[in-house]
Amino acid sequence: MSQNEVLPTVEVVGRRYVLKGKFHRIVPGTPIRRRSDGKLVGITKPRDMTYIHSYGGEAPFFEALTEGRLLASRCDNPKCEFKGTVYEPFRIHCPDCLAKCTIVDITDLARETAKVHTFIITERTGAFNTLKIPIRFVNIEFDGVATILMSYMPVGTPEIGMRVVPIFRTKNPCYDITDLAFVPLGTPESDLPEGFTFGK
Amino acid sequence: MIKFSDRQLKIPKMMRPVFLVTGGMSEFRRSFPEKKTEELCVDALNMAAELVDMSPAELKSYIHTAYYGHFADHFGDQLLGEAVIHDRLGLDPLGNIGIKTGGATGGSTLWEGFKAVASGYSDCVLCMGWERMDEVPTDEGNHLIASAADKDWETPLGHIYAGYYAVMAQRYWKIFGKEEDSFRQTMAAIAVKHRNYAVHNPFAHGGKRIDIDDVLESPIVAYPLRQLDCCLMSVGAACAILTDEKTAFRLCKNPLRIYVAAGSHTLRVGDRRHMEIPLLPHETMEMYKDFGERFPGGDRYPGFTGFLATRMACYYAYRMAGIQNPLEDLDLAELHDAFTISDIQSYEDCGFRPYGEGRDFVESGDCYHTNPHTGKPGRLPTNLSGGLIGCMHAVGATGIMQVVECALHLWGRHGEIHGDPKRWEAFGKTKPDDWKDLSVRGAKRSLAISHAGVGSHVTATILCHPNHLLKED
């Protein structure tokens, strides 16, 4: 996208999307030739297209990250066999009874009990990655929460069983899952990556 | 869910027997700059016709419906690829459908074809799978594969699938492998076995004469996984023809009975809640009573170390086919060795060893064509094709390739097809001077596991010589 082009934006007005800006660019393909004899073999196909993605019932989770809070969900349906189960990642509906879950704030629970369940450190990434390499993927367990959350550790070296705390990109958030990360308990605020704080 | 109703554990009962009559594969390569996908599919169908001494037109005249497996439209930048291939194979206007379940696409395609014949809808179906992984560069390919993870909760983290699977490998390594050097060597032995077997497979593109040190010195991908612990990315196609009994014996002298079953689990591994282990016919709960003590940290099931989807697929498939103990009732298997550790995990899910003891399947020599300790045939040889590490992983085709490879053993034609010097030449390769016939002589029953990523979908396909059925229809 050139400097003169405006990033595409979308607003919701009533029940409709209102779009502004360009959602695609046409860039010509170039021929693919065989080096040995110059014969045409194919063509490159550039694609520059913007999707419009709804977070739907998960939107509160992503909004809360930008405010320094970690939300989870709990089934409070009295008729559910697994009533009371707390889920992180956040689920809109209970997977057992399909009732809408109650949103619960587990920011303090995370600070007090979050532990590394497993991890991996990798230099390899894919296109569109924005995380610094090497990436330290961590899967985090919380006391009393049935499921385990994938995240990353931008500071420190993970170990299974390590106590960690959540950090939040509350300044210039990206509004995606990378606004949440975990660091070893005791990490000073001065060591946090730019834009991240310990939250509320 | 973590508890099943009796209805959900019903063992499928098909309305009539289904047979595998023939199959075929294209050559597999990292890239095919000068062949379109349709050409690879034609290669596969041509081979299927050749194997039963028919012209392609004759074989096609039997096909009633078609099932097309292709994992990633994005890779080929072609939605409705099944319509394109169906047209190029000249099978329009017969009914067809596209199937996608990630890495399990090939097996799922067979599942659909199997059900179509069993139901009586069709007497003869084509199951064709393909994948192109060369129409985007590697980084972009990594992003597309990572798009098969949860796009809001996982994909933005690195855009790399290694981040989603390798955390499972890490936990298995620590809890069951106990980070032992000996376990690291066992992992490497799997890569050595599969790469070396692939040297003798003309269809394969990953054959390499490597040893344990080569694996241990290959670049780190995500500790403890090194490059040679990981599977290939490939391009190619594979197909199978499934029929009813009457058509089977018309088309082929020795058609094979086929059973296909499927399981699944959550896409996000972290969502897998603790539950009771569904037991295979030869297992008891007693086997696992002190599991958490023997393997501290391993008491959550399936946790990050078991693939419940594989276990469920085998739960149904073994009972459909009458398999009591896979080690005794099966003669060979093709497993989804996306990584050396996931191969070991699969041994447990399939019941070749109890959970936690998968390494013994390799260390005992059971998994080899020839047991290196005894010089005798391995008890249950696996991945004689070279598997995903040595032969190929063209995602939509892999599950079908595995079944065709198994069938070649059961037909007694594995040596003939893999040893044909003309085939090596047609693929631009030289048949090795020390080419080995890796046939499993007298094989009667086989298992193939087709598996998606972190185990969101898995199918189990059992082939059985009709004279050696374990269960009456």
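In helix α6 of chain B (residues 138-146), the buried residues are Asn142(B), His143(B), Leu144(B), Ile145(B) and Ala146(B). They pack against α3 (73-76) of chain B. The model is a predicted one.

**Contact between chain B and chain A**

- Chain B puts 32 residues into the contact, and chain A puts in 32 residues.
- On the side of chain B that touches chain A, the elements giving two or more residues are α6, α7 (162-175) and β5 (220-222) of chain B.
- The most comes from α7(B), which gives seven residues to this side.
- Sorted by class, the side of chain B that touches chain A holds 14 nonpolar, seven polar and 11 charged residues.

**Helices α5 and α17 of chain B**

- Helix α5 (residues 105-119) and helix α17 (residues 395-410), both of chain B, have axes that come within 5 Å and cross at roughly 65°.
- Angles of 65 to 115 degrees count as roughly perpendicular, and α5(B) and α17(B) are therefore roughly perpendicular to each other.
- From α5(B), the residues in the contact are Thr105(B), Gly106(B), Gly107(B), Thr109(B) and Leu110(B).
- They meet residues of α17(B), namely Val395(B), Gly396(B), Ala397(B), Thr398(B), Gly399(B), Ile400(B), Met401(B) and Val403(B).
- The contact of α5(B) with α17(B) has six nonpolar and seven polar residues, and no charged residues.

Methods
Residues are numbered from 1 along each chain as its sequence is written. Chains are lettered from A and ligands numbered from 1 in the order in which they are written. This is a predicted model: local features need pLDDT of at least 70, side-chain atom pairs count only at pLDDT 80 or more; totals for chains, interfaces and linings use all residues. Axes are lines fitted to C-alpha atoms, for helices over the stretch in contact, and angles run from 0 to 180 degrees between N-to-C directions. Helices (H or I, at least four residues) and strands (E, at least two) are DSSP runs, numbered from the N terminus. Angles under 35 degrees count as roughly parallel, over 145 as roughly antiparallel, 65 to 115 as roughly perpendicular and the rest as oblique. Two residues are in contact if their C-beta atoms, placed from the backbone, lie within 7 Å. Ala, Val, Leu, Ile, Met, Phe, Trp, Tyr, Cys and Pro count as nonpolar, Asp, Glu, Lys and Arg as charged, and the others, Gly among them, as polar. A residue is buried if 20 or more other C-beta atoms lie within 10 Å of its own, exposed if 12 or fewer, and partly exposed in between; C-beta atoms are placed from the backbone.
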